[in-house]
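Welcome, and please open the model in your viewer.

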Amino acid sequence: MSDATSLSFGEGRGEALYIIKIGGNVIDNSEKLQKFLKAFADLKGNKILVHGGGKMATKLAAEMNIEAEMIDGRRITDIETLRIVTMVYAGLISKNLVAQLQMFGCNALGLSGADGNLISAKKRPIQKLTSKIDGTIKEIDFGFVGDLDENSIGTVNLAKLIDNGFIPVFSAITHDGESQLLNTNADTVASVLAVAMAKTYETSLVYCFEKKGVLVDVDDDDSVIREINPVKYEDLKVKGIVADGMLPKLHNAFDAIKKGVSAVYIGKADDLEDLGAGLEFGTKLVR
Ligand SMILES: Nc1ncnc2c1ncn2[C@@H]1O[C@H](COP(=O)(O)OP(=O)(O)O)[C@@H](O)[C@H]1O
Ligand SMILES: CC(=O)N[C@@H](CCC(=O)OP(=O)(O)O)C(=O)O
């Protein structure tokens, strides 16, 4: 174990670090989730898990007669919704993931951004959005949604946790430093963590979800696009091949590559063991 206090963080130690994000569709499927968590636990070296859980939060909100509203992949988070997502992400999902990882011998530590001040965010101001249908401009209040920037991550303390053998498991609940919890998109949390930690580690960002990768035909797992560069990304957008949740995912992924993350993969949670074994995994994004 290295002595964290004597290291000059930010100068780059060059050790590898995986930032792996798991989405809500897999979290909702206990069999697939367990297979993924076993592969994550078996992955050698430094690693951080970031989890979503949007599907479960939407389901629970519906049971409480609260309708979920998403705009551009972000949940409109009023105070009631904030209570629900805090309970679901930082409570139920986080603690269940940690307990399962402990069963697999992985010393997981479930964290929100408020814990150890590891991820701070700024409440998103009211935004003007132009309607894609009729071009009218609407003011959108996202409520308690937090946005991240390059100073959001407590990199030194996070590196100390990793150096001490803990495996951080982050939910997408962040805070503003003034006691307000905020809801942040989990793909963005993973991307910003990967960029911030890239100053110290050689980071790889891995988005795991229920499909084999970025697909030409979203219903055909055999149509994986093995490599995407920014030019191809623009082409896929224009042709409408990537849509919905894949758009912000790719945006976050290319942002991470631009800002120093060594590699970004998008692939199936079930196949994570292939990545660990150095086999072909999903879609690789390149500069
Ligand atoms: N070309 C594409 N390839 C794969 N998935 C796509 C594509 N275009 C749109 N999607 C959609 O994007 C979704 C993934 O985004 P999202 O639901 O945000 O993931 P997560 O499970 O990580 O939260 C997929 O479930 C799929 O329906
Ligand atoms: C602000 C915002 O939209 N936060 C997300 C956080 C969870 C998430 O991103 O979950 P998935 O990865 O499963 O989609 C949400 O509440 O849906």
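Helices here are DSSP runs of H or I with at least four residues, strands are runs of E with at least two, and both are numbered from the N terminus. With that rule, the secondary structure of the chain comes to nine helices and 16 strands. This is a predicted model, in which local features need pLDDT of at least 70 and side-chain atom pairs count only at pLDDT 80 or more, while totals for chains, interfaces and linings use all residues. Residues are numbered from 1 along each chain as its sequence is written, and chains are lettered from A and ligands numbered from 1 in the order in which they are written.

**Whole chain.** Show the C-alpha trace, which spans about 60 × 45 × 40 Å along its principal axes.

**Helices α3 and α4.** Select residues 54-63 for α3 and 79-103 for α4; the two pack at an angle of about 130°, with their axes 10 Å apart. Axes are lines fitted to C-alpha atoms, for helices over the stretch in contact, and angles run from 0 to 180 degrees between N-to-C directions. Now show the side chains of the contact (C-beta atoms, placed from the backbone, within 7 Å): Met56, Ala57, Leu60 and Ala61 on α3 meet Thr81, Ile84, Val85, Val88, Tyr89 and Ile93 on α4. Colour them by class and you get nine nonpolar, one polar and no charged residues. Ala, Val, Leu, Ile, Met, Phe, Trp, Tyr, Cys and Pro count as nonpolar, Asp, Glu, Lys and Arg as charged, and the others, Gly among them, as polar.

**Helices α2 and α4.** Gln34, Leu37 and Ala41 of α2 touch Leu97, Gln100 and Leu101 of α4. That contact has four nonpolar, two polar and no charged residues.

**Ligand 1.** Next, which residues come closest to ligand 1? Of the 17 that surround it, the closest are Gly23, Phe209, Leu215, Gly245 and Met246. A residue is near a molecule if its C-beta atom, placed from the backbone, lies within 6 Å of it. Helices α1 (24-27) and α8 (246-258) each supply at least two residues of this shell, which divides into eight nonpolar, six polar and three charged.

Key. Contact = placed C-beta atoms within 7 Å.
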